[in-house]
Amino acid sequence: MSVVAIDGPSGVGKSSTAKEVARRLGYAYLDTGAMYRAMAWLALNRGVTDPVDVLEQVRGADLEISTDPDDFSVSVDGIDVTEEIRSPEVSENVQTVSAVPDARSELIERQRDIIAAASPGVVVEGRDITTVVAPDAAVRLLMTARDDVRVSRRAKELHGSDDAEAVAATQSQVTGRDAKDSATTSFLTAADGVHTLDTSDLDFEQVVTTVLDLVKEAR
């Protein structure tokens, strides 16, 4: 079983790249960030903020996540939250879960179980995959991009445009999320043995091809 681990901040193209690489390789696809978002959504709906309660919630939640790159979905306690977890409110509150060490450990174990069950391989994306979740992955990659490029991409994704108004509305969300997440995990600098891919001036096909080449080299 082969694992392709991809880390990076928002706006670098992790999700679209990971899904396409998984499709072309016939691998499973795991979005670990969606698991944190799902638990943050649940915490918001229950009004849970205390770390002890957050941990209890994570341990007791029936969290289901699809690993099919062509049919991605997430459900919590039987409720489909695939769309809901992408809301700005959830994005701003992911730290409610990710900043709780024991809750993070619980989700990491679930992620490792999903990875172990994947066949013939899996492409995993997140912010601590190359260093914590799957440090022994066959391919470990940190995707980066210039800040202005990342904000522009995220603005298009969220608002359908990267005009001045859309960029202004997106700027704080991107930089704020980076600042919060960097307090609990390192995803802005590649660890030893991790490849770095700056996607700022590359088109989508160039990025996907680069990752596929790394997979071929690792075989």
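Contact is taken here to mean heavy atoms within 4.5 Å, and domain bounds are those of an automatic or database domain assignment. The structure is a predicted model, in which local features need pLDDT of at least 70 and side-chain atom pairs count only at pLDDT 80 or more, whereas totals for chains, interfaces and linings use all residues. Residues are numbered from 1 along each chain as its sequence is written, and side-chain values use heavy atoms, with hydrogens and water left out.

The chain is divided into domain 1 (1–27 + 122–218) and domain 2 (29–117). The centres of the two domains, taken over C-alpha atoms, are separated by 19 Å, and 24 residues of domain 1 are in contact with 22 residues of domain 2.

In soluble globular proteins, nonpolar side chains tend to be buried together.

With neighbours within four places in sequence left aside, methionine 39 is in contact with Gln57, Val58, Ala61, Leu63, Val76, Val97 and Leu107. Leucine 42 is placed in helix α2 and counts as buried at 5% relative accessibility, buried meaning under 20% relative accessible area, exposed over 50%, and partly exposed in between (1.4 Å probe, protein chains only). Under the same exclusion of sequence neighbours within four places, leucine 42 is in contact with Gln57, Ala61, Val76 and Asp77. Leucine 42 and arginine 23 are 19 residues apart in sequence, with a C-alpha to C-alpha separation of 30 Å.

Aspartate 77 is found in the loop between β4 (74–76) and β5 (79–80), and has a positive phi of about 50° although it is not a glycine. At 36% relative accessibility, aspartate 77 counts as partly exposed. A cis peptide bond, with omega of about 5°, joins serine 119 and proline 120, and proline 120 is located in the loop between α6 (101–117) and β6. Most residues other than glycine have a negative phi, and most peptide bonds are trans.

Proline 69, in the loop between β3 (63–65) and β4, is buried, with a relative accessible area of 10%. Apart from neighbours within four places in sequence, proline 69 is in contact with Lys19, Ala22, Arg23, Tyr27 and Tyr29.

The largest pocket holds about 900 Å³ of space; on a 1 Å grid over the protein atoms alone, a pocket is an open set of points where a 1.4 Å probe fits, with protein on both sides within 12 Å along at least five of seven lines, and lining residues have an atom within 4 Å of a point. Grid points are joined across faces, edges and corners, and the volume is the space filled by probe spheres set on the points. Of the 45 lining residues, Ser10, Gly11, Lys14, Ser15 and Arg154 are the closest to the centre of the pocket. Domain 1 and domain 2 both give residues to the lining, so the largest pocket lies between them.

Methods. Helix = DSSP H or I, 4+ residues; strand = E, 2+ residues; numbered from the N terminus.
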